[in-house]
Amino acid sequence: MANTNIAFGLKPINTAGSAPATQGTNAYFIDSAASAIFQGSMVKADNGGEIVICSATGDTEAPVGVFAGCEYVSSVTGKKVFSNYWPGSGANTNFDIIGYVYDNPMQRFIIATDASITDKATAIAAIFENSQFQGGNGGSTTTGISGAQLDVATLSSADPSLPLKIVGILDDPENADFTAAGIPMIVMLNNHALLQADSEAAIA
């Protein structure tokens, strides 16, 4: 039976250690010239102290965290907009464009696999391996949700430059067909910008 999961990017689940839930978000400025940023997408700092979306694979990048949503003043209506995603334009730039980010380096997330991971034994063996994103910077302009998935083909135990560290498998009976895409893997972000000794070195 196929899994019910579809691409949804990174969903916060809890933090490493004993914390039972997500630890909330913090506000960051969004670059008004930034491309669209979808809820569940990984974001990084730019050279101007603002956030932008990471690349499609996220490879070698130092993320600030995962985008939760934003607020800005519409250039059309003059009213404040609260949205799942930053559309890439449409803001009155006389006002700040604010993005909310799950930026705790210990945050854990769920992400769906983009392909079969063969069987449960293979999925368990992938725990503590690293992976890239598939479609990491795309998403739906209708829902505002990221289209990112875990790229099964890039699983590696030897490349910590990859953005995702697998730390578990979510127990979900509706998404337990390991022969199909959509297995919910639990991951953390590698190379987190807030853990860099030199934060400037983490900025792309």
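Tutor: One cut-off first: a polar contact here is a pair of N or O atoms within 3.5 Å, and within protein one must be able to donate a hydrogen and the other to accept it. Also keep in mind that this is a predicted model.

Student: Okay. Which backbone oxygen lies 2.8 Å from a polar atom of the N3 side chain?
Tutor: That of A181. The backbone oxygen of A180 is on the list too, at 3.5 Å from a polar atom of the N3 side chain.

Student: And where does N3 lie?
Tutor: In the segment before β1, the strand that covers 11–15.

Student: Is N3 buried or exposed?
Tutor: Buried, with a relative accessible area of 11%. Leaving out residues up to four places away in sequence, N3 touches E174, N175, A176, D177, A180, A181, G182 and I183.

Student: What about L10, which segment is that in?
Tutor: L10 is also in the segment before β1. At 3% relative accessibility, L10 counts as buried.

Student: What is L10 in contact with?
Tutor: Setting aside neighbours within four places in sequence, the list is G40, V66, F109, I110, I111, F133, L164, V187 and L189.

Student: Switching to rings. How many aromatic pairs are there?
Tutor: The count is two. F38 and Y85 make a stacked pair, with 5.3 Å centre to centre and 0° between the planes.

Student: How accessible is F38, and how accessible is Y85?
Tutor: F38 has a relative accessible area of 5%, which makes it buried. Y85 is at 15% and counts as buried as well.

Student: And what kind of pair do Y72 and W86 form?
Tutor: Edge-to-face, with 85° between the planes and 5.3 Å centre to centre. Y72 belongs to strand β5 (residues 65–73) and W86 to the loop between β6 and β7, so this pair ties together parts that are 14 residues apart in sequence. Y72 is buried at 9% relative accessible area, and W86 is buried at 1%.

Student: Which charged residue lies over the face of F8?
Tutor: K11, at 4.4 Å from the ring centre.

Student: On to charges. How many salt bridges does the structure hold?
Tutor: Two. In one of them, the side chains of E61 and K44 meet at 2.6 Å, N to O. E61 is in the loop between β4 (51–53) and β5 and K44 is in strand β3, so this pair ties together parts that are 17 residues apart in sequence.

Student: Are E61 and K44 buried or exposed?
Tutor: E61 is buried at 12% relative accessible area, and K44 is buried at 14%.

Student: Which residue does K80 meet in a salt bridge?
Tutor: E71, at 3.2 Å, N to O. K80 counts as partly exposed at 49% relative accessibility, whereas E71 is buried at 15%.

Student: What's up with E129, what is its nearest side chain of opposite charge?
Tutor: K165, and it is 9.4 Å away. E129 is buried yet has no salt bridge. The cut-off for one is 4 Å from a side-chain nitrogen of Lys or Arg to a carboxyl oxygen of Asp or Glu.

Student: Where is E129, then?
Tutor: In the loop between α1 (120–125) and β9 (130–131). Its contacts, leaving aside neighbours within four places in sequence, are L155, S156, S157, L164, K165 and I166.

Student: Last one: is D96 buried or exposed?
Tutor: Exposed, at 51% relative accessibility. D96 is in the loop between β6 and β7. Not counting residues up to four places away in sequence, D96 touches F29, E71 and Y72.

Student: How far is D96 from Y85, C-alpha to C-alpha?
Tutor: They are separated by 15 Å, and they sit eleven residues apart along the chain.

Definitions and conventions
Residues numbered from 1 in each chain as written. Predicted model: local features only at pLDDT ≥ 70, side-chain atom pairs only at ≥ 80, totals over all residues. Heavy atoms only, no water. Phe/Tyr/Trp six-rings, centres within 6.5 Å; stacked < 30°, edge-to-face > 60°. Buried < 20%, exposed > 50% of the residue type's maximum accessible area, 1.4 Å probe, protein only. Helix = DSSP H or I, 4+ residues; strand = E, 2+ residues; numbered from the N terminus. Lys NZ or Arg CZ within 6 Å of the ring centre and 35° of its normal. Contact = heavy atoms within 4.5 Å. Lys, Arg positive; Asp, Glu negative; His and termini not counted.
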